[in-house]
Amino acid sequence: MIGISKLYCGTVEPSDALRYGRHSGSLPSHLLQFSSDKKPVVVWNITRKCNLKCIHCYAHATEESGFDELTTEEGKRLIDDLASFGSPVILFSGGEPLVRKDLPDLAEYAVSKGMRAVISTNGTLITKEMAQTLKRIGLSYVGISLDGMEDVNDRFRAVKGAYKAALEGIKNCQEAGIKVGLRFTINKHNVTEIPAIFDLVEEKEIPRICFYHLVYSGRGSQMIEEDLSLEDTRKALDMIIDRTKDLHDKGKPKEVLTVDNHADGPYIYQRLLNEDPERASEVLELLKMNEGNSSGRGIGCVSWNGDVFADQFWRHHSFGNVRQRPFSEIWTKPDDELLIKLKDKKNHVTGRCATCKWLDICGGNFRVRAEAALGDVWAPDPACYLTDEEISQSI
């Protein structure tokens, strides 16, 4: 994650992370990306079932539950292992996590073990009663996916009424006192919706929004041609930066992040070099702490059946299964060559990535995107929009 508001608007300073010792167990949630130990945030796709049919779903979600889903008790054993391992956050996802009736029980159990529990949801199933339940169990955050205003969002979700139901879910969370934010996946068909999404964030007083760059995985692998051009990606990022700064200047600051393209970090730094060199030097310190993409290191994924992946997009390559070995053991004593290399991927990337001056703060960007587009897991990420000149000139 690249915190636009944290970096560009100066809402986080390098000293903020240093004050907590940069250990993931002691950092507040908004500073976790700057931890030094990189204990993994774990995404648990607790079900494959979903009530929507999103065209870019990385999980290939279906209308039916998987017959091999981890049971409630198996899930609690997973949580026990993650908590003792020191994973700071468990993110319940799917499919649609709220179709599992035991989600509140599992989330409450994670909280009781000292973990921060969050959910990634389409929001359509968050009734007033469910929102009150999620508040009671101590859920830290609810991220609700919207990919545009009503017509565009419902087209992406392939279910009419999904937009209105998601807005109702947002309202119910707010009334229950749960922190709620938006998730928006950028592509050719909805990039023009970004200004309206910012208007919605301002109007509804939504405190957080994450803009996801498209990853070619699951049904999203069929959308490679729908990704933005490199030039249009730069324009989209400028738009996001400008609107974030506008809200900040109006006294209505929001937490705005971009996700899944770590070229965004150097891009913000280079823009600040021209506008505010003093802040640019502070941003560079924060980007070095962040270390860029952390798939297989600072983020991991457990599937509904217990398979372990480098992240939620890399579902075709499992490192093991928690039914046979605990996640902590799979993660720290890997016997899979890909996982071993991902933990030190800067030594394995090729092409322009290998010689890029930003490699230490980008981390080689998304390997799964390179594999999907080019058939080579170590090739340059095709979504990196930085020019050869920008990656080769001295800082």
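Me: Which residues does phenylalanine 211 touch, not counting residues up to four places away in sequence?
Reply: Contact means heavy atoms within 4.5 Å. With residues up to four places away left out, phenylalanine 211 touches Phe184, Ile186, Ile194, Ile197, Phe198, Ile240, Val256, Leu257, Thr258 and Val259.

Me: What pLDDT do local features need in this predicted model?
Reply: Residues are numbered from 1 along each chain as its sequence is written, and side-chain values use heavy atoms, with hydrogens and water left out. In this predicted model, totals for chains, interfaces and linings use all residues, side-chain atom pairs count only at pLDDT 80 or more, and local features need pLDDT of at least 70.

Me: Which residues touch the most other members of the largest nonpolar core?
Reply: A nonpolar core is a set of buried Ala, Val, Leu, Ile, Met, Phe, Trp, Tyr and Cys residues joined through side-chain atoms within 4.5 Å. The largest one holds 110 residues. Those touching the most other members are Trp44, Phe92, Phe211 and Phe327.

Me: Which helix gives the most to this core?
Reply: Helices (H or I, at least four residues) and strands (E, at least two) are DSSP runs, numbered from the N terminus. Six core residues come from the top contributor, which spans residues 277-290. That is helix α11.

Me: What percentage of the 395 residues of the protein chain count as buried?
Reply: Buried means under 20% relative accessible area, exposed over 50%, and partly exposed in between (1.4 Å probe, protein chains only). Of the 395 residues, the buried share is 59%.

Me: Why does the radius of gyration of the protein chain agree with a compact globule?
Reply: The radius is taken over C-alpha atoms, and the globule rule is 2.2 Å times the number of residues to the power 0.38. The C-alpha atoms fill a box of roughly 55 × 50 × 45 Å along the principal axes. The radius agrees because a compact globule of 395 residues would have a value near 21 Å, and the protein chain has 20 Å.

Me: What share of the contacts with a separation of 6 or more joins residues 24 or more positions apart?
Reply: The protein chain has 17 helices and ten strands. Among its contacts with a separation of 6 or more, residues 24 or more positions apart account for 71%.

Me: What part of the accessible surface belongs to carbon and sulfur atoms?
Reply: Accessible areas come from the Shrake-Rupley method with a 1.4 Å probe; for residues, only the protein chains shown count as cover. The surface of the protein chain comes to about 15,800 Å². The part belonging to carbon and sulfur atoms is 49%.

Me: Which elements do the buried residues of α6 pack against?
Reply: Helix α6 covers residues 150-157. Its buried residues are Val152, Asn153, Asp154, Phe156 and Arg157. They pack against β5 (141-145) and α7 (162-176).

Me: Is arginine 279 buried or exposed?
Reply: Arginine 279 lies in helix α11. Leaving out residues up to four places away, arginine 279 touches Lys6, Leu7, Gly10, Val12, Glu13, Leu272 and Leu286. At a relative accessible area of 7%, arginine 279 is buried.

Me: How is leucine 386 placed, buried or exposed?
Reply: Leucine 386 is found in the loop between α16 (367-374) and α17 (388-392). Beyond four places in sequence, its contacts are Arg234, Ala263, Pro266, Tyr267, Gln270, Arg352, Trp358 and Ile391. With 5% relative accessibility, leucine 386 counts as buried.

Me: What is the relative accessibility of tryptophan 331?
Reply: Tryptophan 331 lies in helix α12 (residues 327-332). Beyond four places in sequence, its contacts include Pro40, Phe85, Phe309 and Leu339. Tryptophan 331 counts as buried because its relative accessibility is 4%.

Me: Where does arginine 22 lie?
Reply: Phi of arginine 22 is positive, near 60°, in a residue other than glycine. Arginine 22 is buried, with a relative accessible area of 18%. Its place is the loop between α2 (14-19) and β2 (41-45).

Me: What is phi of glutamate 291 near?
Reply: Glutamate 291 lies in the loop between α11 and β9 (299-302). At 27% relative accessibility, glutamate 291 counts as partly exposed. Its phi is positive, in a residue other than glycine, and near 70°.

Me: Is the peptide bond from glycine 94 to glycine 95 cis or trans?
Reply: Glycine 95 lies in the loop between β3 (89-93) and α4 (103-112). With omega near 10°, the bond from glycine 94 to glycine 95 is cis.
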